[in-house]
Amino acid sequence: GSPQDTASGGGDAAPVKVGLVYSQSGPLASYGKQYIEGFKAGLDFATKGTGKVGDRKIEVTEADDAGDPAKAVSAAKDLIGKGTKIIAGSTSSGVALQVAPIAAQNKVLFVSGPAATDAVTGANKYTFRSGRQSWQDVVTAKSFIGDAAGKKVVVFAQDGAFGDANEAAVKAVIGGAGASVSSVRAPASATEFTPFASQIKAAKPDLLFVAWAGTTAGAMWQTLDQQGVLAATTVVTGLDIRASWPTFGAAGSKISFLSHYFDGASDTEAAKAAKAKIPGGTLDLFHPDGFAAAQMVVRAVQEGGDDVEKMVKALEGWEFEGVKGTMKIRAEDHALLQPMYQAKLTGSGTTFTATAQKTLTGDESAPPVAQMKG
Amino acid sequence: MVEPVLSVEGLSVRIAGLHILQGVSFEVAPTGVTVLLGRNGVGKTTTLRAIVGLTPRGGEVRGTVRMGARSLLARPTHRLVRGGLGYVPEDRCVFAGLTVAENLRLAERRGTTPAYDKVFALFPELDRRGRQRAGSLSGGQQQMLAIGRVLLNDNRLLLVDEPTKGLAPKVVTEVAEVLERVAESVPVLLVEQNLAVVRRLASDAVVLSAGRVAWTGDARELLLETALTKSLLGVGAAEVHS
Amino acid sequence: MLATRGLTWRIGEVAIVDSVYLDLQPGEFLGVIGPNGAGKTSLFNLITGLRRPTEGRLLLDGADVTTLPPHRRARLGLGRTFQASSVFGSLTVRENVRLAVQAHRGGSMKLWRRAAADRDVAAAADAALDRVGLHHRGTALAGTLAHGEKRKLEIALLLAGEPRVMLLDEPMAGVSAEDVPELVRVIKSLTGDSGRAVLMVEHHMDVILELADRIAVMHHGALLACDTPDTVMANATVQEAYLGEAL
Amino acid sequence: MTNSVVDAPPAQVPDELTPGRSRWHGLRPYLPLVALVVAAVLPYSTLNLPGIFEGPLNSPGTLQLLAICLVFGGLAAGYDLLFGRTGMLSFGHALYFAAGVYGTDVLVTKAGLPLWQAAVLTVLGGTTLAALLGAVALRTVGIAFAMVTLAFAQVGAILVARDFGGLTGGEEGLPLDVSGLPAALVGVTNTVNLYWLALAYLALVVLVVHRVSGSPTGRVLAGLRDDERRIGVLGLDPYRFKLVAFTLAGGLASAGGVVYVLIVGGASPHITSSELTLSLLVMVVLGGPGTRWGPVLGGILYMYLDHRLTAFGSSDAVNSLPAFLSHPLSQPLFVLGTVFILAVYFFPGGLASLRSRLTPLRRALTRRS
Amino acid sequence: MNTVVLLTLTGLGLAALYFLVASGLSLVFGLADVLNFAHGLFLGVGAYATWWAAGNLPGAGPDGLGFVVAVLFGVLAGSLVAVLVELVLIRPLYSRTIEQVLVTVGLSLAGVALLQATWGADPRTFPRPDWSRNVTSVLGAQVPNAGLLLIVAAVVVLGALLAFLRWTRYGLIIRAGVENREMVTALGIDVRKAFTLVFAIGGAAAALAGALGGVYFGTVSPGQGGSLLIFAFIVVVIGGMGSVVGSAYAAVAVGLLQQFVNYYGTSGLGDLCVVGLLAVVLLLRPQGLAGKVAHA
Ligand SMILES: Nc1ncnc2c1ncn2[C@@H]1O[C@H](COP(=O)(O)OP(=O)(O)OP(=O)(O)O)[C@@H](O)[C@H]1O
Ligand SMILES: Nc1ncnc2c1ncn2[C@@H]1O[C@H](COP(=O)(O)OP(=O)(O)OP(=O)(O)O)[C@@H](O)[C@H]1O
Ligand SMILES: [Mg+2]
Ligand SMILES: [Mg+2]
């Protein structure tokens, strides 16, 4: 043989290979589970139950990255080596950011999944996203305070890139609208939140924007509640997956949630189809991402066949009806414009219900256009 | 012939592929001191350790060892010791991190009164240094502690490995006297290089050579016969008595 | 050659080594005796630098070495054996001695040479092993040696370093009667040539008497006497505190 | 004593110091060379090993996996210089590896340096860092040393997570900007070059560790492992030798980082965690500390399992099992952990001891024939 | 003023949590000489068992006496697992410390993965009495009751461990056994029993920390033990291996330092300070604050 064989794409009737690299195990396994359920439902929906585009079957290969970019890169290279032209997945931002360049280097299509980092938008010509990004969260948060001018806003976020991105977005979005923005940051590993709660309280903000992910969230909310922060100001945060709702505890009803998605937030055709198809029949945060990814994959294959350049062309500017409603792939930077929600949480114990307060359209929550990098 | 307190038959020990003991057989008389002699490395320590069940991991022991009617091999060490088999190891093995008093306290057994009087009478030093860490004791002091630990309890047989090693002449004499007194009530199987001590204490002798028994018999007989001592121990009888 | 000037080591209030003045002449063999716990090993530790004295000074060839770390003192020609054998258990007997030879000859900080290729070191190591009669055990792991063999290996390690001042801590302890004369011969040969000085702790009085030019007696950390063997043996205190009645 | 936690490194005689004498005696020195050649021509093979690799040996996926395994084989061998050969239990070795990864990444991506400059600067920097931190940490011994090194590594991890000035990308990591890289190192079609690079790194580390262990210095290191006090009394400064070993191992680790960042195409904070050091320890023990090939094999096997178990967990074979089996088995870490435990019981002394454990068997067989 | 009170008391609560985790670790680490990376697993077992019991065990519940029963069940489960681990996995490996490390690392990976396989990766709400969610006003500061509960529990555990080590022979046996197991057997003592006991106690302490940690965090998740473990290790080492009192001092130092630096300094500085404290203490006093032997 030669020092290295790379399989090439098949002929006209050969199946289309699609690689899904996402977290089946590791800390984000439950996000990954929703994603794949959504993807399967979406594939079913977009191919009208046939699993085929024209005569060509969509052949999905799944790979587990366990949340580790190194494993994701290995899996992506493996798939690309076997002739896969479309890769989707990436549950975590770290994975998305490291797989995106691989797609560009090898000229394959990459549809990033739940990863929320803004940096995926405009990463390169071959990279798209099927989920929302941090910026859209923040724009939704802004909708809670009406006129921002003269208001005082505090961001409470974890150290690191996720926190940085949220802080920067708040400064740009809400600060740009005239509010004064300051931040309180805490290490992601923190277990005791009183010092931060005290700092927040001392700042007396009109709006507190909390960007916190991870298993300590319950303790964090309890502390904010106990120190009277929730009672003193409007607190906005993102609504995480359903399983995490009980961890808000008593704090849940005192928080204003911005939401990417929850069951019942929309009542589109796609949402109904998804509900019917997924195990359990209750939609959750990342089902729409998987669903949209499948829709985008089918569209790419329909219009592009085996030609990745054509796929890119077909997706750029495409508008479609997804689970959340009308979604639009912005041609300039591949941002996915989509509806976002304001939500309230009610209930107690282990049963909570979220209800939509307001829906922002894709244009209302649109992030600024990013410079396409490559 | 009196019933021996301990009988060893065809004891073989292999460690890491080395056949260290190759069928050692001997008996320990129910009174007095039986001494185990031999050059460095013939397997004296290995014999004692096999008897108390402390052959290193991976070692393989064959043969029989009985104390009265009981077979000892394959019984856990702590049972043997509680059954009255006292062992004073070669390298003393005092617990360096514990104090002298704690070392002694550890040797106490439930249900019996420890004979502190006896031990402190023999080794007043141990009483005085009760709070010192055993690791900082001098070599001789550690040896005293190691012997003292065993003497706290009543035993049916003592296995003592080179108790006088590194002791000042005066203390050697004292230890020898102690052992002599101990041997009045408990039989002792002793490994000893100091032939003067052997001469004073031993009634029976077993000589090992390269993992086998080269000679057994009356100790005095052995030490008086120049030819025997020369061939077995490499020293003339005259030197034994010097 | 070696001189201690009021060397003292206290732990709390207790003087373990109490103001010891000793002078060792080139070629001299000084025996050290004293009851267990008299402070002999501690004195050795002070001299070799494993412990820092609380008071006093140590001179080697007239130079003050009191604050030098152990390895610097060893470089100046101070070598010792340990009472509880401390050999490199996971190395073979031969490697043990080669290491000592190499440490002495310098060139240990050579990362890219093949150690085994150094025939001088190998030869010197074999010679040292020969001298203590351990040649046949060369390939055994030092950790598995019987006790007496470890004592011999200790001496071989010492020999390999060709020290000018040697401190022997109870070299005879646990050595079988048969081997004692042999070891005595080896130790005797240490001083014969080139004006080396030896300081030896030993409880076997016959060995001390045979070897030592002078005998120092320690008691409760202090130097009780330091004199010719005959004088020391005749000393009533020594008789009473150390020797006791012979067996 | 409490220090015995680190007294334990294995009673292995370094192969290098005691050349064996066997039937293969004349051939033995050439075996590594043969292995190297075989490994080098491996990408020309289209052999398919179903179940072991996803694709044929020369497929990019397989080569990528092998490249990662080889880097970790080298990393483990370098770590063994500290742990198995010198008896120093460092819990902070990941720091120097991470310094290599992030150093290269930042210099290439943020500072725009050409790769070779970034690599040289990074290895120099990593080595210097190891020398400086080692100089401080080596004032302690035993478990205290382990913890001080852990503390230093933890500082590194916190700094990376803090993402100062957006330099490291925090928890999202920093993708490597490949635009300035040699074309031969970019793209799936060039995975084979990364494989060869990793192989070269492994060969370098094995050569260095082998030469150093068999050198006069290696002899001193072996002595240090047994009795540090004795080394001092022989006239050698233990501190100096330990520092040399520590610095050398740190330098090798940061070189490994350079190779790794090229293979993976980016840095992520996983590699700064103390778990990585712990895995290095596991690799070495799994393979057989203080042996020439043990750590290498341990590192390769560990990484192989780490990567492949994710595929195993989602395979049909596992999914078809009853839930009480398939659930745990679909957790790669469950399988990995179980493998360690079983390895300890079934291969005490590590993979490297397999040979000696098989010797009696072989002898019995040859005798019979 | 009330910020200082608040930070002090919550800092002490944090310290109490660290101490609860560290005490078992320190006992096993210092006395049985096992660097037990599986300690986080015992913690997880304790937390999940309590969580399970409160929902499913008759007589147990999230409140009042039922809660006490649930916690007891959790502690029992933790110490049972610890005993099993000791008997099956650690016992054959005494005096082979490095292999023990390997086994406990393997166990921590496999155990956490098993918890995750059984109950999922997402945090579960922890059943807890209502009063534990409230605050008590101390000198104007709103101090969380869960923190106060931790402080009380830590003091009780400290007292109990000291009594165990001081008044029973086991402390002695264990310390001697660490040095030389063979010789302890040669004195007629079944040293294995003592070591099993240490594991049982260590496991119980860990499980209690897990259960009360659950109360404190309000949730349980598989990885919770692991993230606390690193600070517990730091506490154990700063305090001096095997010294329970040392761990207590160190836990207080670490907890307060973290809390105050996090408030007055910038984010992340608290962790850096703790790590710095560790390095400084070890460089000045390698044996840790409270010396090296297990002088209770
Ligand atoms: N763990 C071990 N592994 C390998 N060989 C061993 C081991 N223990 C002892 N030996 C070997 O067994 C032989 C007998 O050792 P043993 O300690 O029984 O001798 P000994 O008669 O007590 O000698 P000494 O008088 O020096 O104490 C020695 O050659 C020694 O090297
Ligand atoms: N670190 C220490 N802490 C407390 N006491 C100590 C320490 N080191 C030694 N000692 C005490 O100092 C005294 C002298 O000990 P040393 O070991 O020097 O005696 P020695 O003369 O060599 O005795 P031996 O002939 O038995 O070997 C002893 O009483 C010993 O207990
Ligand atoms: Mg012996
Ligand atoms: Mg001494």
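Guide: A polar contact is a pair of N or O atoms within 3.5 Å; within protein, one must be able to donate a hydrogen and the other to accept it, and residues adjacent in sequence count only if both atoms are side-chain atoms. The model is predicted: local features need pLDDT of at least 70, side-chain atom pairs count only at pLDDT 80 or more, and totals for chains, interfaces and linings use all residues. Residues are numbered from 1 along each chain as its sequence is written, chains are lettered from A and ligands numbered from 1 in the order in which they are written, and side-chain values use heavy atoms, with hydrogens and water left out.

Visitor: Between which chains does ligand 1 lie?

Guide: A residue counts as near a molecule if one of its heavy atoms lies within 4 Å of it. The shell of ligand 1 has 21 residues, and among the closest are Lys44(B) and Thr144(C). Ligand 1 accordingly sits between chains B and C.

Visitor: How far is an oxygen atom of ligand 1 from an N or O atom in the side chain of Gln193(B)?

Guide: In chain B, a backbone N or O atom of Val42(B) is 3.4 Å from an oxygen atom of ligand 1. For the side chain of Glu162(B), the corresponding separation is 3.5 Å. For the side chain of Gln193(B), the separation is 3.2 Å.

Visitor: What share of the area of ligand 1 does the protein bury?

Guide: Accessible areas come from the Shrake-Rupley method with a 1.4 Å probe; for residues, only the protein chains shown count as cover. Ligand 1 taken alone exposes 640 Å², and the part buried by the protein is 86%.

Visitor: Which element gives the most to the shell around ligand 1?

Guide: Helices (H or I, at least four residues) and strands (E, at least two) are DSSP runs, numbered from the N terminus. Elements giving two or more residues include strand 2 (18–28) of chain B and helix 5 (147–160) of chain C. The largest contribution, three residues, is that of helix 1 of chain B.

Visitor: Which residue has a backbone N or O atom 2.9 Å from an oxygen atom of ligand 2?

Guide: Ligand 2 also lies between chains B and C. An oxygen atom of ligand 2 is 2.6 Å from a side-chain N or O atom of Gln132(B), and one is 2.7 Å from such an atom of Asn36(C). The backbone atom at 2.9 Å belongs to Gly39(C).
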